[in-house]
Amino acid sequence: MDIFAQQVLNGLVLGSVYALVALGYTMVYGILGLINFAHGEVVMIGAMIALAVVSALLSVFPEMSPFLMIALAGTAAILVCMSLAFFIERLAYRPLRNAPRLAPLITAIGISILLQNIAMIIWGRKYKTVPQIFPTETFELFGANITSVQIFIITVSALLMAGLLVIVHFTKLGRAMRATSESQRVAGLMGINVNKIISVTFMIGAGLAAVAGILIAGNYSVAHYSMGFMLGLKAFTAAVLGGIGNLGGAVLGGLLLGLIESIGAGYIGDLTGGFLGSHYQDVFAFVVLIVVLVFRPTGIMGERVSERA
Amino acid sequence: MILKRSLAIVVAAMVVAGCGAESETSDGKQIINIGHVGPLTGPISHLGKDNERGAGLAVDEANELDLVIDGIPIQFRLLSEDDEANPQKATVVAQKLVDSNIVGVVGHLNSGTTIPASTIYFNSGIPQVSPSATAITYTHQDYQTAHRVMANDEQQGKVLGDYAVKTLGAMGIAIIDDRSAYGKGLADEFESAIKDAGGKILTREFTDITKTDFTAILTKIKGLNPDLIFYGGMDSQAGPMMKQIKNLGLTSLFLAGDGVQTTQFMVLAGAEGEGAYASSPGLPLDQMAGGKEFREKFKQIYREDIQLYAPYAYDATFVMINAMMRANSTDPAIYLPFLRNTDFPGVTGRIRFDERGDLRGGSISLYQVVEGKWQYVETIGGAD
């Protein structure tokens, strides 16, 4: 039984990171109808910036408190990613806002490749080690092992997701975002600065991505220039699974995808009598996605989007 | 007039180029070209450069001996090419070398480049000695031209399997591989060696080279409670994997092949890497027959330390020159049978080839991480 508990826990850790990244996809899609494929690369840039800051601080002030260090690194990463997202939107997406839908999509893929290559030039191809500034402690929970870093990941993700839901549903900015997603033209007529709202949406998504990057790098202790690509794809899958455009759906989709992958990899061999092994981990996740989409083409929580199109 | 002059220049250039391939030195020696290929640019260029230096050192030393073959004084020349560790580029430079009248080639460095290039050398009858390609396929294509001076993955997998069961006393074993040619090949050999030695494979799990999360398969493995976890793959995955093994509270031993026996593994695994075992073909440099002298000689000439395979490239070159001396010919068709019958005391140990061109009695050394460093444990095989 403790093995099952451990797999659920692994899934939750994986899933909460997917959810954080999926929120960025779903927010942008909800407002612009654009799939921002460069989002995974923003996660990677966040991890790399935080890593650079921590390494620099460690060499200059080795005695600094780890909490202050992570706060500084986190702030730097969030600021860099937010400005990056601002410029990407301003320079690459805004000029194409009224172009056919394929054009911004291809631009997004281009930005993704560009960012990966810039990161490769700056930080090299090698896997980089993330210094362990916090001592890793392991706790037991329902017979499963959980590290302090994993507890941190789940807590931070949950707080951020709750915070985002509060912003979107209970603030003036959130109301403006929801109005813009209903209709940009009408929102503009009501006195909402649509361009500003779209920029802010991109920046909030990038901030969440930066945090996700730091959490992943901290958990696995490695970072490299291509780490964002597969993660972005998985988070996009999670967003579609939950119903793209729906915030609650992104959270649900992320957590579900994490659980499916973890439990799938753990039990698929036993379930199929050894016919399929753990190399079908990813296939398993995508099969679940296809099955869900066959029965619910808009995703689990995605009714509103279908009406909108 | 102008046309005539430029025509004359072209003709002159062609004559010079034609002579360049097999000309004579100023003191009347005949020049013999030996090819060398390795990745001289890209992420593992430091290893390619290292091999090039090893082969270059051998050529320089041979030339100092004023060798005479079939009554003609000989001067060897190393033609070094860059394959960028890219299989497609490897075949291009292989053809280029064949066209430049080489009599033999030392290379390539990676298994992935050596295998496609070996077909070109075989078709042209050019003897090939790879210093460091370990994939089994290379010598299993029935090419009389293909040789290597390092133990292959089959030998390594066998030694690792025996070591796991007989020395480490592990009976229940879990295997993970990364689905690459190298990782899968090594894990397959390891698996059959475990069965032969009487061990039990509890599960075989898979990952791939883009992953850093192994918690799902490791948790499954934890439920089976193995004595040992074997990983067929590279250091970039093994480092984070080792961390997750420790974080999940697994107490199994960890064993891997030469892709993990690197400093990069130690950097990535950190304190959690402690106690991991990994193997590497050949002896540690200091235990090689001429290892210490070679290290000093190398350092004196190139002002840099040996990276990894330079002694093997050095031996590969000398094995080839030695075969030409015994055959008293630099004609590939004539000296090739002599190459297969080599018995040469190299820097890395005694070199003899079996009927496939594999190193006979190739040794495998085992290392363990102790206090953050790879410490030599023992060498298995090699005595033959």
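Me: In chain B, what share of the contacts with a separation of 6 or more comes from residues 24 or more positions apart?
Reply: It is 68%. Keep in mind that this is a predicted model.

Me: OK. How many residues of chain B count as buried, as a percentage?
Reply: Of its 384 residues, 53% are counted as buried.

Me: And what is chain B built from, in helices and strands?
Reply: Chain B has 12 helices and 15 strands. Its radius of gyration is 23 Å, close to the 21 Å from the globule rule for 384 residues, so chain B is as compact as a globular protein of that length.

Me: What does its C-alpha trace span along the principal axes?
Reply: About 85 × 50 × 40 Å for chain B.

Me: Switching to sheets. What is the strand order in the open sheet of six strands in chain B?
Reply: The order is 2-3-1-4-5-6, and the pairing is mixed.

Me: Which strands stand at the edges there?
Reply: Strand 2 (68-69) and strand 6 (146-148) of chain B. Each has a single partner strand, so one side of each is left without a neighbour in the sheet.

Me: How about strand 1 and strand 3 of chain B: parallel or antiparallel?
Reply: Parallel. Strand 1 covers residues 30-38 and strand 3 covers residues 72-82, and nine bridges join them. Within strand 3 of chain B, Asp82(B) is the residue opposite Gly38(B).

Me: Which strands does helix 2 of chain B lie across?
Reply: Strand 1, strand 3 and strand 4 (102-106) of chain B. Helix 2 takes in residues 45-64 and runs at about 175° to strand 3.

Me: New topic, the contact between chains. How many residues does each chain put in?
Reply: Chain A gives 25 residues and chain B gives 25 residues.

Me: Which elements of chain A each supply at least two residues to that side?
Reply: Helix 1 (2-32), strand 3 (144-147) and helix 10 (247-271) of chain A. Helix 1 of chain A gives the most, with five residues.

Me: How do the residues on chain A's side divide into nonpolar, polar and charged?
Reply: Seven are nonpolar, 16 are polar and two are charged.

Me: Last thing, confidence. What are the scores?
Reply: The model has ipTM 0.82 and pTM 0.78. For chain B, the mean pLDDT is 88, with 93% of residues at 70 or more.

Me: Where in chain B does pLDDT stay under 50?
Reply: Over residues 15-21 of chain B. The model has two contacts beyond four places in sequence for that stretch.

Notes. Residues are numbered from 1 along each chain as its sequence is written. Chains are lettered from A and ligands numbered from 1 in the order in which they are written. This is a predicted model: local features need pLDDT of at least 70, side-chain atom pairs count only at pLDDT 80 or more; totals for chains, interfaces and linings use all residues. Two residues are in contact if their C-beta atoms, placed from the backbone, lie within 7 Å. Helices (H or I, at least four residues) and strands (E, at least two) are DSSP runs, numbered from the N terminus. Ala, Val, Leu, Ile, Met, Phe, Trp, Tyr, Cys and Pro count as nonpolar, Asp, Glu, Lys and Arg as charged, and the others, Gly among them, as polar. Two strands pair if DSSP finds at least two bridges between them. Axes are lines fitted to C-alpha atoms, for helices over the stretch in contact, and angles run from 0 to 180 degrees between N-to-C directions. pLDDT is the predictor's confidence in each residue, from 0 to 100. The radius of gyration is taken over C-alpha atoms; the globule rule is 2.2 Å times the number of residues to the power 0.38. A residue is buried if 20 or more other C-beta atoms lie within 10 Å of its own, exposed if 12 or fewer, and partly exposed in between; C-beta atoms are placed from the backbone.
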